[in-house]
Amino acid sequence: MLERLLQKKITEHGLDADVESVGTHVLAKMHVRSSRHALRCMRERGIDISGHRSRHITGVDLLRFTLVVAMTVEIAVEVKKRYGGAMIVADVPNPFARSLAAYKTCVEQLEGITENIVGAL
């Protein structure tokens, strides 16, 4: 969800930046589709994520990015093993396999940090 929220905010600010989403969990290797709750939360914001598939961190060269955003402290630990550049730790709980309310809370938190992330670009 953060990937698409950031893409939208970057466009609104007239910036040019590549935004990609990867995960550290084993499920990310399985190219999992977005959950119905994620689809709904993003659709409510006019953003279609139906084509999104998960990707694992091992499939991406993080060194080509000037900034990496880690969703949790635990993910930041994994990222630091592969990336020594600038990093923001969002510290937003992963709503995966939780309720719609958890997804709504998550996306609201993500919206709140996108401005800070865009400001760091």
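**Entry 1: where two helices touch.** I began with α2 and α4, where His 37, Ala 38, Arg 40, Cys 41 and Met 42 of α2 meet Leu 100, Tyr 103, Lys 104 and Val 107 of α4. I took contact to mean heavy atoms within 4.5 Å. Sorted by class, this contact holds 6 nonpolar, 1 polar and 2 charged residues. For the classes, Ala, Val, Leu, Ile, Met, Phe, Trp, Tyr, Cys and Pro count as nonpolar, Asp, Glu, Lys and Arg as charged, and the others, Gly among them, as polar.

**Ground rules.** I am reading a predicted model, in which local features need pLDDT of at least 70 and side-chain atom pairs count only at pLDDT 80 or more, while totals for chains, interfaces and linings use all residues. Residues are numbered from 1 along each chain as its sequence is written, and side-chain values use heavy atoms, with hydrogens and water left out. Helices (H or I, at least four residues) and strands (E, at least two) are DSSP runs, numbered from the N terminus.

**Entry 2: the angle.** I then checked how α2 (residues 36–43) and α4 (residues 100–119) cross: their axes come within 9 Å, at roughly 45 degrees. The axes are lines fitted to C-alpha atoms, for helices over the stretch in contact, with angles from 0 to 180 degrees between N-to-C directions. The two helices are therefore oblique to each other; under 35 degrees would count as roughly parallel, over 145 as roughly antiparallel, and 65 to 115 as roughly perpendicular, with the rest oblique. The crossing of α2 and α4 is right-handed, that is, the near helix is turned clockwise from the far one by less than a right angle.

**Entry 3: two sides of α2.** Which residues of α2 are buried? I found His 37, Ala 38, Cys 41 and Met 42. They are on the same side of α2, because they cover an arc of only 125 degrees around the axis. The arc is taken from the directions from the helix axis to the C-beta atoms. On the other side, Arg 36 and Arg 43 are exposed. Buried means under 20% relative accessible area, exposed over 50%, and partly exposed in between (1.4 Å probe, protein chains only). The buried residues of α2 pack against α1 (2–12) and α4.

**Entry 4: on to α1.** In α1, I listed Leu 2, Glu 3, Leu 5, Leu 6, Lys 9 and Ile 10 as buried. Their arc of only 165 degrees puts them on the same side of α1, and Thr 11 and Glu 12 are exposed on the other side. Their cover includes α2, β1 (67–70) and α4. After α1 comes Gly 14, with a positive phi near 70 degrees.

Entry 5: I picked Thr 114, which lies in α4. Is Thr 114 buried or exposed? It is buried, with a relative accessible area of 3%. Not counting residues up to four places away in sequence, Thr 114 touches Leu 2, Leu 5, Leu 6 and Lys 9.

**Entry 6: a loop to finish.** Most residues other than glycine have a negative phi. In the loop between β2 (86–89) and α4 I noted Asp 91, whose phi is positive, near 55 degrees. Ala 97 lies in the loop between β2 and α4, with a positive phi near 65 degrees. Asp 91 is exposed at 53% relative accessible area, and Ala 97 is exposed at 68%.
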